[in-house]
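I opened this notebook page to record what I looked up in one structure. The entries follow the order in which I worked.

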Amino acid sequence: MTVPTTAGAAALLREALEVYGDDAQAAEALRGYAQRLAEPLRVAVGGMVKAGKSTLLNAIIGEEIAPTDTGECTRIVTWYRHGHTPRITLHATDGGSRALPLRRADGRLAFALDGVPAERVERLDVEWPSPALQAVTLIDTPGIASLSQDVSARSLRFLAPEDSPSEADAVIYLMRHLHASDVHFLESFRDTGAGRSGTVNAIAVLSRADEVGAGRIDSLISAATIAERYSRDPNLRKLALDVLPVAGLLAQSARTLRQPDFESLQALAALDRSDRERMMLSADRFRRSAVPEGLTEAARASLLERFGLFGIRLAMVLIRNGFTEPTPLAHELVRRSGLDPLLELLARQFQSRAGVLKARTALVAVADLLHSSPRPGTEHLAASLERLEAGDHEFRELRLLAALRAARVELAPELAAEAERLVGGRGTPAWLRLGLAPDAAPGLLVAEARRCLTRWRRIAENPLTARSAAEACRVVIRSCEGVLAECAGQDRQAQPA
């Protein structure tokens, strides 16, 4: 469904270039938005200082290439793109650029700005041959609400500029607790780019979830309860598609598990229970423990840095319960970290809608240009923009999804929940829209799509249905028709010849 949407946005940009071709600045910007349509989706990782943004980004990529310390590079917007060979390019604020040396230190990519002060760096571009970067470009941003106003301003200028669409098509926003600053930022991001049409294009992450329970083995259970409560908060619900708990440090270390780490964890798991419990009372006790013999203080410090007390506790429990090989242990630690649900949500909500999110950014850019630089003869361009916004069903789905999450549609709660699901609130695949299992047979999908279509047509025809609800029904009906057509085609293909 995204091909017509992307094609429509590309045609609109070409039309705008014909109108504003004599304006060098506007023409360059329009060509940039046209190029974005052909690029992977841009997803920024944002949040307050020390929220764990770089750590989570490393976990998603599966390699430690984003700096997680407090050095100068964490004050710079850094792009991570797919490339066949590793490369780091520094783009300076004066327009110049240079390649930076690639170095590894303790298994991590070491950044060095080659003598350039951070305030003179516009951005860093990191190209890396990671499969995770083939479908999406990840953007690491400096901390919001930093003690340094310049650091905070960098993120706000990039993610929520006042006079242009955001450089990012969507955002993964990390928070340790729900704070007024978090809501304020998400409101600012919604009011730029795709969000200006009411699109909800953010996922909230309760980061460092292992710290919620002070590193106890049940910390993620407590964090999941808090995340569920946040997801029902009316102020956050209209700004983020979901709230997920993730232990980012555990996810990063599990994805990059090293043999020495595994051997150290094995040795710890083999200790008597009383020794393990005494040792794990605090980080300081763990670091100074005399058992097991042969595990140096440096090795203990490395484990604490990479896994934290929670990760070490969990790894020891898993090893004692049969995960005695590095690869199965790493996979189970990743699963327990909460990273997998985040990756699934990222795929369902952002990557499956990549075309429409990028197209939405292009449409807002044209709308901004018409507003900021009005000129005679743009009536046809404005009409094309309005026609595309009103006529494209995917844009209408996104607007309805935002309206439903903000409770602006007069529907009973159970109907509003069903409408949200049918327009793709949980993801765009047919089985998700219909609320069925991933392996549901094509015939079952067809039957459920027909049932939903009949139900919503009946609601739309009811004279007691409110006007806002009737408009919502029309969008839901069109979505049901699209799902039915898709499933019927699959059902025909599945039938024996």
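The closest N and O atoms of the Arg336 and Glu332 salt bridge are 2.8 Å apart, where a salt bridge is a side-chain nitrogen of Lys or Arg within 4 Å of a carboxyl oxygen of Asp or Glu. Because the two residues are 4 residues apart in helix α13 (residues 326-337), about one helical turn separates Arg336 and Glu332. Helices here are DSSP runs of H or I with at least four residues, strands are runs of E with at least two, and both are numbered from the N terminus.

Before going on, I noted the conditions. The model is predicted, so I recorded that local features need pLDDT of at least 70 and side-chain atom pairs count only at pLDDT 80 or more, whereas totals for chains, interfaces and linings use all residues. Residues are numbered from 1 along each chain as its sequence is written, and side-chain values use heavy atoms, with hydrogens and water left out.

**Other salt bridges**

I found a count of 27 salt bridges by this rule. One of them joins Arg237 and Glu420, with the closest N and O atoms 2.6 Å apart. This pair links distant parts of the chain, since Arg237 lies in helix α7 (residues 234-237) and Glu420 in helix α18, 183 residues apart. Arg237 is partly exposed at 26%, and Glu420 is buried at 10%.

I also looked up Glu389 and Arg360, whose salt bridge has its closest N and O atoms 2.9 Å apart. Glu389 is in helix α16 (residues 379-391) and Arg360 in helix α15 (residues 354-372), so this pair ties together parts 29 residues apart in sequence. Arg360 counts as buried at 3% relative accessibility, while Glu389 is partly exposed at 22%.

**Domain 1 against domain 2**

I took the bounds from an automatic or database domain assignment, which gives domain 1 (5-247 + 340-351), domain 2 (251-337) and domain 3 (409-492). The contact, meaning heavy atoms within 4.5 Å, takes 25 residues from domain 1 and 16 residues from domain 2. Domain 1 and domain 2 bury about 1,600 Å² between them, 49% of it on carbon and sulfur atoms; buried area is the accessible area (1.4 Å probe) that two parts lose on being put together, summed over both.

Which three residues supply more of the area that domain 1 buries against domain 2 than any other three? I recorded Glu64, Ile217 and Asp340, which supply 30% of it. Between the two domains I noted 2 salt bridges. Glu64 forms a salt bridge with Arg258, the closest N and O atoms being 3.3 Å apart. A network of salt bridges links Glu64, Arg258, Asp261 and Arg306.

**Backbone entries**

I noted a cis peptide bond from Val291 to Pro292, with omega near -10 degrees. Pro292 is placed in the loop between α11 (283-288) and α12 (297-320). Lys50, although not a glycine, has a positive phi of about 65 degrees and is partly exposed at 48%.

Technical notes. Buried < 20%, exposed > 50% of the residue type's maximum accessible area, 1.4 Å probe, protein only.
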